[in-house]
Amino acid sequence: MPAMTHERHEESPLLRLEDVRTYYPVRGRGLFGARQAIRAVDGITLDIHRRETLGLVGESGSGKSTLGRTILGLAPLTGGTVRFEEQDLSRISSKAWRGYRRSLQIVFQDPFASLNPRMTVEQIVGEPLRNFGLARGPELRRRVLALIDRVGLRQAHADRYPHEFSGGQRQRIGIARALALEPSLIVCDEPVSALDVSVQAQIVNLLMDLQEERGMSLLFIAHDLAVVEHISQRVAVMYLGKVMEVGPGRAIFGAAAHPYTQALLSAVPAPDPDAPRNRVILSGDIPSASSPPSGCRFRTRCVHAHARCAQEEPTLRQLHPGHWSACHLHDESPAADAAPAPVPIDETRSLS
C-alpha cells in the first residue's frame, strides 16, 4: 500500500511506519493449551510529518498506546519497520538506539505514577540532561529552572516532591522532563485523560504553544475527540490493531467516511441535548485481539456489514487527497462519490 501523506507536505516524513505489528504470545487455556498471540498492533502504515500533530483515537483496547510504545522501542516490534529520519530503528544496535532516544520522548497518561516520588522536581527534570552528559552543576540547574518556568511552574517548585503538586502541575513536570533533550517527536499517551476539564485545556494549549515554539512533532493519543479536534492537524482512527481511517482533521470531523469513525463522532456530547442527532449505537464490546473477526474487524458491530465483510479484509483506500478509509462500502462506488466532501468546521472553537 502506498504511504499515506498529506498534500501540503512535500519533504520526507519525520517518522514512517510500514506494516508495523506488535504481538504478545499467550498460552491457551488448559495444560496443553495452544499458543496464541494478542495482536495489539497488526499492520499499521502511517506517516508523521515534521512540525505536525497526528491525533490517534479509538476505544480502549484498540492498540493506540501499544503503537506509541512500539515507536519508542518500549514494546516489541514483531514485524514491519519504524523509520525515524529515514533510519530503520528496527535494525540498529542498542547503543545506536540510545542516540535516537534524545529525539523521541513520551508524556505518560498518569502524571503521578510516571514521576519518582523520591526525587525532587529539579532531579526529575534534570535526569535526562545528566544521563546524556549535557549539563552539570550550575548549568544543569539553570536549564532545569528554565524548563520549569516554561511549562508554567514557579522556579521555587524545583525543590519540592511530586506529592506536593496537583495533577495538572504533575503533568507539567512530565512535559518539562520530555522537553529537556529538545526532542523532534513527543508521544503524548493520553496526557490529559486523568485531569479535570479546565486543566485539560491548559495542558493542551501548552503543548500547542511548545510545538509552535520548538518546531517538534506530536503523536497525540486520546479517546476524547474534542481534545483531538482542537490540537491535531491530521487524525488516525484505530480499531482492534488496525487503522480504519486517516486524514486531515477537517475531513475526519467534517465528513467522516468510515462507519466506526461516524459512530465515535455520534457519541460526542452535544452542547444542546435537545438538538436532533443521528446517533450510531455500537452493540457489544470490542472483540479479543487474540482472535479478531475474519475479514473486516469492525464487521461484528457494523450496521452496514454484509457477506463480503466476513470474507475479505478491506484495505485503506484514498477517497480524497490525504483522506484514507478501510471499508468495502467505498469499493462499490467511484472514489469521488465514496464519501461526502469535507465540511468546514468552526476554527474558533476551544476547550475552555
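Analyst: On a 1 Å grid over the protein atoms alone, a cavity is a set of points where a 1.4 Å probe fits but from which it cannot get out, and lining residues have an atom within 4 Å of a point. The model is predicted: local features need pLDDT of at least 70, side-chain atom pairs count only at pLDDT 80 or more, and totals for chains, interfaces and linings use all residues. Residues are numbered from 1 along each chain as its sequence is written, and side-chain values use heavy atoms, with hydrogens and water left out.

A search of the whole structure finds one cavity of 30 Å³ or more. The largest cavity holds about 80 Å³ of space, a volume being the space filled by probe spheres set on grid points that are joined across faces, edges and corners. Its lining consists of His258, Pro259, Cys296, Phe298, Arg299, Cys302, His304, Ala305, Cys309, Cys327, His328 and Leu329.

Arg297 is in the loop between helix 9 (259–266) and helix 10 (307–311); helices (H or I, at least four residues) and strands (E, at least two) are DSSP runs numbered from the N terminus. With a relative accessible area of 7%, Arg297 is buried, where buried means under 20%, exposed over 50% and partly exposed in between (1.4 Å probe, protein chains only). Beyond its neighbours within four places in sequence, Arg297 is in contact (heavy atoms within 4.5 Å) with Arg39, Asp42, Tyr239, Leu240, Lys242 and Pro292.

Strand 1 (residues 15–27) is joined to strand 2 by 11 bridges. Along this pairing, Leu15 stands opposite Ile48, while Arg27 stands opposite Arg35. Five bridges join strand 1 to strand 4 (residues 79–84), and there Glu18 faces Thr81.

Elsewhere, helix 5 (residues 167–179) is mostly covered, with 11 of its 13 residues buried. Helix 5 reaches 19 Å from its first C-alpha to its last, close to the 18 Å expected, the expected span being 1.5 Å times one less than the number of residues. Its buried residues, among them Arg170, Arg172 and Arg177, pack against strand 6 (104–107), helix 3 (121–131), helix 4 (137–150), strand 7 (185–189) and helix 6 (197–214). Strand 6, helix 3 and helix 5 each supply at least two residues to the lining of the second largest pocket. A pocket is an open set of points with protein on both sides within 12 Å along at least five of seven lines. The second largest pocket has a volume of about 430 Å³; of its 16 lining residues, Arg101, Leu104, Gln105, Ile106 and Pro128 are the closest to its centre.

For the protein chain as a whole, the secondary structure comes to 10 helices and 12 strands. Of its 352 residues, 49% are buried. Among contacts between residues at least 6 apart in sequence, 66% join residues at least 24 apart.

Notes: Pairing = 2+ DSSP bridges.
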